[in-house]
Amino acid sequence: MNKLPGFGLIERARALAPLIAQEADEIERTRRLTQPVVSALIENGLYRALLPQSLGGAEAPPEIFMQMLEEVAKADASTAWCLGQCSVCAMTAAYLDKDAADQIFNTPPGILAWGAIAHEVQAVPGGYRATARWDFASGSRQASWLGAHVRIIEADGMPRRKPDGSPEVRTILFPATEATMYDVWDVIGLNGTGTDSYSVDNLFIPEKYAALRDEPSALRENGPLYRLATNSVYGLGFAAVSVGVARATLDAAIELARSKTPAGIKAMRENNAVQGQIGRIEGDLRAARAYLYATAREVWADLTRDGTVTEQHRVALRLATTWTIHQATTVVDAAYHMAGATAVFRANKFERRFRDMHAIAQQIQARDAHYEDVGKTILSAPPGV
């Protein structure tokens, strides 16, 4: 597929939506993104949305990244999830030597994926040695490099610690060909993400491929984007994916209501209860989206003006992203139930979006415990803050 000329990231994502929607059934069936979709995302630069400009990336503001994912999610949630995951992984380039980052991200396909924080690696001369297995590597079936977030054990057996006394965690990076992959992704939703497990055995990782991710002192880039913690950007991205899924589900329910006449009762479009329900759900979705984007916009404005991200910013992002995912889930549930028996047929895509949305709501960015963290911070702050 030829690169779409003259368009930005959002416009390219919107233009690719028909292809992604066309491939969605095959993505679901094979539990991986299809080659036409992966090729289109690569050729149109979508995986490079958050890669530094110094490496040929877009270094896009969060709001642009979010809108890009939202457009893709309307067509297929799994594609948007993989794109969001791997795009944020690319932010690690800001903490690497240029030659290492260039090798990872500018050698086709230039896609990095990783899983959850786990395990330890041994510090050895010139780098680290790893034997471990990690889980939840979304997008790993398209990736050319894999990463893992690990604690460091020194030669004397003691854990390496940061100046504040907490354990040092590095993100080690290695070619995907060095790892053993495990096909474990047999799930109810987000089937196409191929969120597999992977392991390495006695693998040496040179020092230059072990990044101090999210450590301000280790930054090699000056752009404001890299002042944001990758976890915060993940939250914004996955919340945007949830908004896209909710938008597509509600739009499908509205389209159905325009034409469906259930047996024995009036047409849905003439049913006062349906009309009222659509109005309320539409308001809920618009409010959630507006809150999410307004928070992202406010934090970005402060960051680009002052160059810092405060605890209040982090709390605001956490609250907005968590609440938006939960609100989007409520919207999808309501639209699914409104569709009645029509929603259970695979051909209508309601049930897939229902499953995808509930898979999104189960992952770390949607934990109910985030509300406790936010509440604790609010209650411990001085009056007026």
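A residue counts as buried here when its relative accessible area is under 20%. Cys82, at 0%, is therefore buried. That's a handy way into this structure, which is a predicted model.

**Cysteines**
- The disulfide count comes to zero.
- Cys82 isn't in a disulfide: the nearest cysteine sulfur belongs to Cys86 and sits 6.2 Å away.
- Like Cys82 with its 0%, Cys86 is buried, since its relative accessibility is 4%.

**Strands around E7**
- Strand E7 covers residues 196-206 and pairs with strand E3, residues 127-137, in the antiparallel sense through eight bridges.
- One spot to look at in that pairing is Arg133, whose bridge partner in E7 is Ser199.
- E7 also runs antiparallel to strand E6 (residues 180-182), and three bridges join them.
- Here you can pick out Met181, which has Tyr198 of E7 as its bridge partner.

**Helices H3 and H7**
- Helix H3 (residues 62-75) packs against helix H7 (residues 272-306) at about 150 degrees, and their axes are 9 Å apart.
- That angle makes the two helices roughly antiparallel, because it is over 145 degrees.
- On the H3 side, the contact is made by Pro62, Glu63, Met66, Gln67 and Glu70.
- H7 brings Arg289, Leu292, Tyr293, Ala296, Arg297 and Trp300.
- Sorted by type, the residues of this contact are six nonpolar, four charged and one polar.

Conventions:
Residues numbered from 1 in each chain as written. Predicted model: local features only at pLDDT ≥ 70, side-chain atom pairs only at ≥ 80, totals over all residues. Heavy atoms only, no water. Pairing = 2+ DSSP bridges. Helix = DSSP H or I, 4+ residues; strand = E, 2+ residues; numbered from the N terminus. Disulfide = S-S within 2.5 Å. Buried < 20%, exposed > 50% of the residue type's maximum accessible area, 1.4 Å probe, protein only. Axes fitted to C-alpha atoms, helices over the stretch in contact; angles between N-to-C directions. Parallel < 35°, antiparallel > 145°, perpendicular 65-115°, else oblique. Contact = heavy atoms within 4.5 Å. Nonpolar A, V, L, I, M, F, W, Y, C, P; charged D, E, K, R; others polar.
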